[in-house]
Amino acid sequence: MKYIKKLSLLTTLIFTSCAFGQKGIHINAVPDSWTAFNCYVVYKANTINLKKENKEDGLLWLNNTSFKNGTIELDIKGKDERGNSFVGVAFHGADDTNFDAIYFRPFNFKSIEKHSHSVQYINKPNEPWHVLRKEFPKKYENSVSPVPNPNDWFHAKIEINYPHVKVYVNESEFASLEVEQRSSRTQGKIGLWLDSDEGWFKNIVVTHIN
């Protein structure tokens, strides 16, 4: 009887642990949670505002986290300024120059000519957007549906199950982008990514599945 009770308790603990491991972790918008590279950071009212320092990518890495597979969700806001709003998420980062990323070009969201360049996958440093666009046209970038207001907040959900990546916008059941990662990195750091003057991020939730 005692053995059965102990087994039942152990089973409950294992189940609870697994379930907890798959719950989303809300990431606080406070300095102690992050480490900046090549960007100025302003934390205000649970919102993170990033401003790039120079021409290199701006990154804000989440501290003490190694991410393999799971989901990264957050609200993002850029600008409707052509060629000057590139905002997104870096993942499977080895350091400040080696990482995968998904990012958005809000100024293309409603563009008739360039809407298919709205969301992009990159593998830094060897395969930035222009290399992938030249070698694999239309494969690693796409339009966004439903189309957000380019000057407003939009919600992004990035599902990663190496090497598969899916990107959903504004709670759509259909992915705006589905790609296979070009890198051999299967886990690493995650962070906010910026390659323009500034961007805003909030409501960040990370879910690890393994």
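Reply: N123 is buried, with a relative accessible area of 8% (buried is under 20%, exposed over 50% and partly exposed in between, with a 1.4 Å probe and protein chains only). This is a predicted model, in which local features need pLDDT of at least 70 and side-chain atom pairs count only at pLDDT 80 or more, while totals for chains, interfaces and linings use all residues. Residues are numbered from 1 along each chain as its sequence is written, and side-chain values use heavy atoms, without hydrogens or water.

N123 sits in strand 9. Once neighbours within four places in sequence are set aside, the residues in contact with N123 are F99, D100, P128, R182, S183 and R185 (contact is heavy atoms within 4.5 Å).

Strand 9 spans 119-124 and, like helix 2 at 129-135, gives at least two residues to the lining of the largest pocket (helices, H or I of at least four residues, and strands, E of at least two, are DSSP runs numbered from the N terminus). A pocket is an open set of points on a 1 Å grid over the protein atoms alone, with protein on both sides within 12 Å along at least five of seven lines; a cavity is a set where a 1.4 Å probe fits but cannot get out, and lining residues have an atom within 4 Å of a point. Of the 17 residues lining the largest pocket, F86, Y103, R105, W129 and R133 are the closest to its centre. By class, that lining holds seven nonpolar, three polar and seven charged residues (nonpolar: Ala, Val, Leu, Ile, Met, Phe, Trp, Tyr, Cys and Pro; charged: Asp, Glu, Lys and Arg; polar: the others, Gly among them).

The largest cavity has another kind of lining: nine nonpolar residues, one polar and no charged. I27, W34, L62, I72, V89, I190, G191, L192, I204 and V206 line the largest cavity. Strand 14 (189-194) and strand 15 (198-208) each give two or more residues to that lining, and strand 14 has the largest share, with three.

Among contacts between residues at least 6 apart in sequence, 66% join residues at least 24 apart.

Confidence is given by pLDDT, the predictor's score for each residue from 0 to 100. The chain has a mean pLDDT of 91, with 90% of residues at 70 or more. Over residues 1-21, pLDDT stays under 50, and the model has one contact beyond four places in sequence for them.
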